[in-house]
Amino acid sequence: MSSSSKAFQWLSLVAIIWLQSINGTNTTFPAYSSQLKNTLSLSQLQINNLVFASDAGKLFGWFSGIAAIYLPLWRVLMIGSLLGLIGYGVQFLFVTDKISSPAYWQIFLLTMVAGNSVCWINTVCYVVSIRNFPFHQQVAVGLTTSYQGLSAKIYADIVSTAFSSSPHKRAQAYLLLNSLLPLLVCVVVAPLVRNIDVGTGEPRNMAAGFNLMFVITIATGIYAVITSLGSMIGLDRMIGTGVFLLIPLVIPIVVKIREKLSRRWSLDRENRVYNVSIDDQNGLESIESGVVKQEEEEEHSTVQVHDEVGEVQVNHGIGVREEIGVKLMVQRIDFWLYFLVYFFSATIGLVFLNTLGQIAESRGSSKTSSLVSLSSSFGFFGRLMPSLLDYFFSRSKYMISRPAFLMALAAPMAGVFFLLLNPANVSLIISTAIIGVCTGAITSIAVSITTELFGTKKFSINHNVVVANISVGSFLFGFSSALLYRKEGDEDGSCLGMACYRSTFIIWGSLCTLGTVLALTLYARTRKFYSKRS
């Protein structure tokens with residue numbers, strides 16, 4: 001692979017980071033759901049159904065996978081951004097009275113379209129990361145995906161800086177940004193989302209680039225957390241976040257500079273003149289013979305290195321227990337244990353985060369945007385955590401298996417739901433942060449577990465079946481919490497006080513406890529397989 005290709009390889013990773021950082025449009029819903037509820041005169045049950053609609057849109061995400069096979073990636077990207085423009089843009093026109101009052105089914109359908117748009121952009125991000133970093137697929141995917149956790153904070157910072165503080169105007173601002181910002185970023189990075197010829201051998205000096213990228217990413221996350229908890233004004237926060245998103249450009253720029261310096265050095269070396277006498281010819285032939293022999297040895301060594309790389313990849317990712325499709329997968333006990341662990345942990349966490357606006361409002365908190373930014377920042381670290389641990393400690397004997405990691409993440413979630421029964425504001429802040437971290441980490445680590453337990457050949461289908469639990473859980477948990485909310489509310493359907501979600505938190509905490517027990521069972525059943533780590 002040429003240096004030029006290597007520079008474009010890193011540039012494509014930066015482009016994916018930018019895409020992911022604005023692709024979490026669905027995570028901004030809690031920040032304006034209460035205003036949308038009042039503006040469109042919706043009940044709490046209808047609001048929860050809109051959360052379900054956003055997740056249900058992802059059930060049709062496989063269309064983007066088919067499109068990525070037959071269409072150029074930039075077209076897939078633009079289709080996704082246009083779906084978002086339609087889904088959120090038309091809602092914006094409804095809210096601003098540019099179009100007559102909509103029927104509820106129209107809002108529901110538009111929310112599904114908007115939710116589906118995320119899948120198209122995600123598909124492009126995954127494909128580019130995997131194809132352009134074939135020897136570091138998991139790290140590239142995990143690192144870039146973590147930036148999606150920052151989306152809610154980025155949107156919140158822009159809204160607080162550039163738009164009115166009126167709740168009604170803020171709801172309009174979120175819908176406007178959700179429709180336009182992804183489209184603008186997609187237009188900018190479209191030329192960069194393409195396959196790069198990286199060659200067949202593992203490129204050198206990639207470790208230095210990823211180490212620097214991890215440092216930048218961790219610094220970005222720390223800044224996001226500090227600014228979410230601090231009192232920095234919106235403009236300063238927005239500028240700081242923008243700077244941190246531009247810093248990764250340092251890597252492709254440095255690679256390009258090294259390329260130019262290397263090329264200049266090569267030209268200087270070629271201009272040197274060597275006078276070789278006839279008497280030295282035999283010595284020269286001997287040297288050439290030695291060089292040929294050395295090159296043969298290096299070629300043989302390279303083959304061995306490539307073999308070792310393949311072996312390392314297998315060991316690095318534990319390997320695959322069996323290659324099976326959906327029909328066989330759903331017949332496995334381990335699949336249902338895994339499905340239910342996800343269902344009773346990360347899915348409940350996502351429902352909580354999607355309902356955060358109403359939860360904060362019922363507790364008398366006016367800092368919904370700050371809580372959304374907080375959950376976004378900690379979710380960023382949660383998504384990054386598995387990749388970080390896997391990259392630096394995967395071959396360590398102290399690294400726990402992924403099912404054990406699931407258990408370690410589900411247990412704190414059970415505890416914080418009971419902590420939410422405490423009316424203090426600090427309990428809401430702590431719980432939101434912990435749920436953000438654990439939910440983000442589980443959604444990230446699930447990709448690896450699906451691959452390791454059920455294979456890579458049918459991964460795209462198998463994993464879509466696994467994450468289908470999100471749509472099911474979004475409906476069941478959201479619907480039940482809305483019914484309990486309405487039961488405790490007044491005649492007009494609104495509710496204030498700790499009683500609004502007390503029963504919901506007890507149920508969710510109990511279910512997360514069940515998820516922890518199921519994770520322990522899955523760990524026990526797969527312990528022998530994961531103990532093969534070398």
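Two residues are in contact when heavy atoms of each lie within 4.5 Å. Among contacts in this protein between residues at least 6 apart in sequence, 84% join residues at least 24 apart. The model is a predicted one, in which local features need pLDDT of at least 70 and side-chain atom pairs count only at pLDDT 80 or more, while totals for chains, interfaces and linings use all residues. Residues are numbered from 1 along each chain as its sequence is written, and side-chain values use heavy atoms, with hydrogens and water left out.

## Overall composition

The protein has 22 helices and 0 strands. Of the 534 residues, 51% count as buried. Burial is judged by relative accessible area: under 20% is buried, over 50% is exposed, and values in between are partly exposed (1.4 Å probe, protein chains only).

## The nonpolar core

A nonpolar core is a set of buried Ala, Val, Leu, Ile, Met, Phe, Trp, Tyr and Cys residues joined through side-chain atoms within 4.5 Å. The largest such core holds 127 residues, and Trp10, Leu19, Phe352 and Phe417 touch the most other members. Helix H22 (residues 499-530) gives the most to this core, with 11 residues. Leu19, when residues up to four places away in sequence are not counted, touches Leu77, Ile121, Cys125, Val185, Cys186, Val189 and Val193.

## Helix packing

Two packed helices are described by the angle between their axes and the distance between the axes. Here the axes are lines fitted to C-alpha atoms, for helices over the stretch in contact, and angles run from 0 to 180 degrees between N-to-C directions. Angles under 35 degrees count as roughly parallel, over 145 as roughly antiparallel, 65 to 115 as roughly perpendicular and the rest as oblique.

Helix H7 (residues 137-146) packs with helix H10 (residues 206-229) at an angle of about 20 degrees, their axes lying 11 Å apart. H7 and H10 are therefore roughly parallel to each other. The crossing of H7 past H10 is left-handed, a term that applies if the near helix is turned anticlockwise from the far one by less than a right angle, whereas clockwise is right-handed. On the H7 side, Val139, Ala140, Leu143 and Ser146 meet Phe210, Met213, Phe214 and Thr217 of H10. By class, the residues of this contact divide into 6 nonpolar, 2 polar and no charged. In this scheme Ala, Val, Leu, Ile, Met, Phe, Trp, Tyr, Cys and Pro count as nonpolar, Asp, Glu, Lys and Arg as charged, and the others, Gly among them, as polar. H7 is mostly covered, with 8 of its 10 residues buried; among them are Val139, Ala140, Leu143 and Ser146.

The axes of helix H19 (residues 402-419) and helix H20 (residues 425-454) come within 9 Å and cross at roughly 155 degrees. That makes H19 roughly antiparallel to H20. Their crossing is left-handed, and the contact has 16 nonpolar, 4 polar and 2 charged residues.

## Individual residues

| Residue | Helix | Relative accessible area |
|---|---|---|
| Asn48 | H3 (residues 44-56) | 5% |
| Gln172 | H9 (residues 167-189) | 11% |
| Ser376 | H18 (residues 368-393) | 5% |

Asn48 touches Thr355, Gly478, Ser481 and Ala482. The C-alpha atoms of Asn48 and Ser480 are 9.5 Å apart in space, although the two residues are 432 apart in sequence. Gln172 touches Phe92, Val95 and Thr96. Ser376 is in contact with Gly149, Leu150, Ser151, Ala152 and Lys153.

Ala162 is found in helix H8 (residues 151-162) and is exposed, with a relative accessible area of 54%. Its C-alpha atom is separated by 10.0 Å from that of Met238, 76 residues apart along the chain. Asp97 lies in the loop between helix H5 (73-95) and helix H6 (104-132), and at 63% relative accessibility Asp97 counts as exposed. Most residues other than glycine have a negative phi. Phi of Asp97, by contrast, is near 65 degrees, a positive value in a residue other than glycine.

Methods:
Helix = DSSP H or I, 4+ residues; strand = E, 2+ residues; numbered from the N terminus.
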